[in-house]
Amino acid sequence: MCSLSLVTMSPSLFAAQAGASRVIAVDASEKMTAVATQIAKDNGCLWSEIINKDHKQSTGVVEVVHGMIEDLEKSVSVKPHTIDVLLSEWMGYCLLYESMLSSVLFARDRWLKPGGAILPDTATMFAAGFGRGCTSLPFWENVYGIDMSSVGKELVKDAAELPIIDVVDSHDIVTDNAVLKNFDLATMNIEDMDFTSSIELQPKSGSISESSDTKYGLTWCYGVVLWFDTGFTSRFCREMPVNLSTSPYTMKTHWSQTILTFREPIALSSEKFDAKRSAVVGTDSCPASKVDLRISIARAPQHRAIDISMEISAVSHDCQRQVWPAQIFNLS
């Protein structure tokens, strides 16, 4: 049984049900604080203290605090390094957008006792290439019998400047998946939220989608989709480790996926083509065998926003390379 748990608002009652003797539930939203207080009260969990002439008597285990976690000690007396469990649903779009990760790490360093549990304790970001079906092009090619593909092409150009949050169908993934970044919440620093990773994406073996030309063995990659998993691993959840995934291959979540569109699609093929030396890599005359990406994600000046930069190069089977100018996306 945990003596003291520090949680964000949503999991507070679950922590109480799990046997915590005291739960401090913190949220910066005044409305959510009021709602959570009522829910805790309705379920007989709300902490209250009665002062009699001779002694103090308390009931319930959930103490609800309105405010930022960084200001917790203005409302509640908590000694440093006395928290047994730190539980938070901090994740945002693309994992880090509008996330509370920096606040969670602050709470970890301030109050979590040595060997205490932080949940979730891992997070992993993934990337994969997506095809034509993930764009609006198929829709605009036949709008009630009218070819409006020129509109679709303009929208794709606009999408090359803005990240899109949407649900991606797994059938529209045209490359293998790659791990973009691993986070260990028990040991990472706040500075680790800013990172640069280099990955390569190869054509998905046996993939046939709207972006595939089966006659020539080509697959067209229109951009990159990002998602994340968070783990409640056996390090702290020995009896029942759990993985929460926002992958296109699993049930959809409110986080969806983050779509980064190339300025122009790249032709891929797992088969070697006899291409002319003058042919541009990534076209149907000289399809690429892989796409090399250098992706950087950093906290933006705007509160809780992130900047994403993407450097793209297509590599042919004979190691020719086509490089495009870097693309900058702001998720705010």
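The face of helix H2 turned away from its buried side carries Lys31, Lys41 and Asp42, which are exposed; exposed means over 50% relative accessible area, buried under 20%, and partly exposed in between, with a 1.4 Å probe and protein chains only. Helices here are DSSP runs of H or I with at least four residues, strands are runs of E with at least two, and both are numbered from the N terminus. Before we go on, please keep in mind that this is a predicted model, in which local features need pLDDT of at least 70, side-chain atom pairs count only at pLDDT 80 or more, and totals for chains, interfaces and linings use all residues. Residues are numbered from 1 along each chain as its sequence is written, and side-chain values use heavy atoms, leaving out hydrogens and water.

Let us stay with H2 for a moment. Thr33, Ala36 and Ala40 of this helix are buried. Seen down the axis of H2, the buried residues fall within an arc of 70 degrees, so they line one face of the helix; the arc is taken from the directions between the helix axis and the C-beta atoms. H2 covers residues 30-42, and its 13 residues should span 18 Å at 1.5 Å a residue, which agrees with the 18 Å between its end C-alpha atoms. That expected span is 1.5 Å times one less than the number of residues. After H2 comes Gly44, with a positive phi near 70 degrees.

Now step back to the whole chain. It has five helices and 18 strands, and 48% of its 332 residues are buried. Of the contacts (heavy atoms within 4.5 Å) between residues at least 6 apart in sequence, 69% join residues at least 24 apart.

Strands S2 (residues 23-27) and S5 pair in the parallel sense over five bridges, where pairing requires that DSSP finds at least two bridges between two strands. Val23 stands opposite Val62 in S5. S5 (residues 62-66) is mostly covered, with four of its five residues buried.

Elsewhere, four strands make an open sheet in the order S11-S16-S17-S18, with antiparallel pairing. Strand S11 (195-201) and strand S18 (321-331) each have a single partner strand, so one side of each is left without a neighbour in the sheet. Further in, ten bridges join S16 (residues 290-299) to S17 (residues 306-315), and Ala298 stands opposite Asp307 in S17.

What about the interior? A nonpolar core is a set of buried Ala, Val, Leu, Ile, Met, Phe, Trp, Tyr and Cys residues joined through side-chain atoms within 4.5 Å. The largest such core has 60 residues, and Leu293 and Ile297 touch the most other members. Apart from this core lies another, of ten residues, among them Phe130, Ile173, Tyr222 and Trp227.

Finally, look at some details of the backbone. Most residues other than glycine have a negative phi, and most peptide bonds are trans. Leu119 and Pro120, however, are joined by a cis peptide bond, with omega about -10 degrees; Pro120 sits in the loop between strand S7 (112-119) and strand S8 (122-130). Ser256 has a positive phi near 55 degrees and lies in the loop between strand S14 (242-245) and strand S15 (257-268). Cys319, in the loop between S17 and S18, has a positive phi of about 70 degrees. Which of these is buried or exposed? Ser256 is buried, with a relative accessible area of 14%, whereas Cys319 counts as exposed at 65% relative accessibility.
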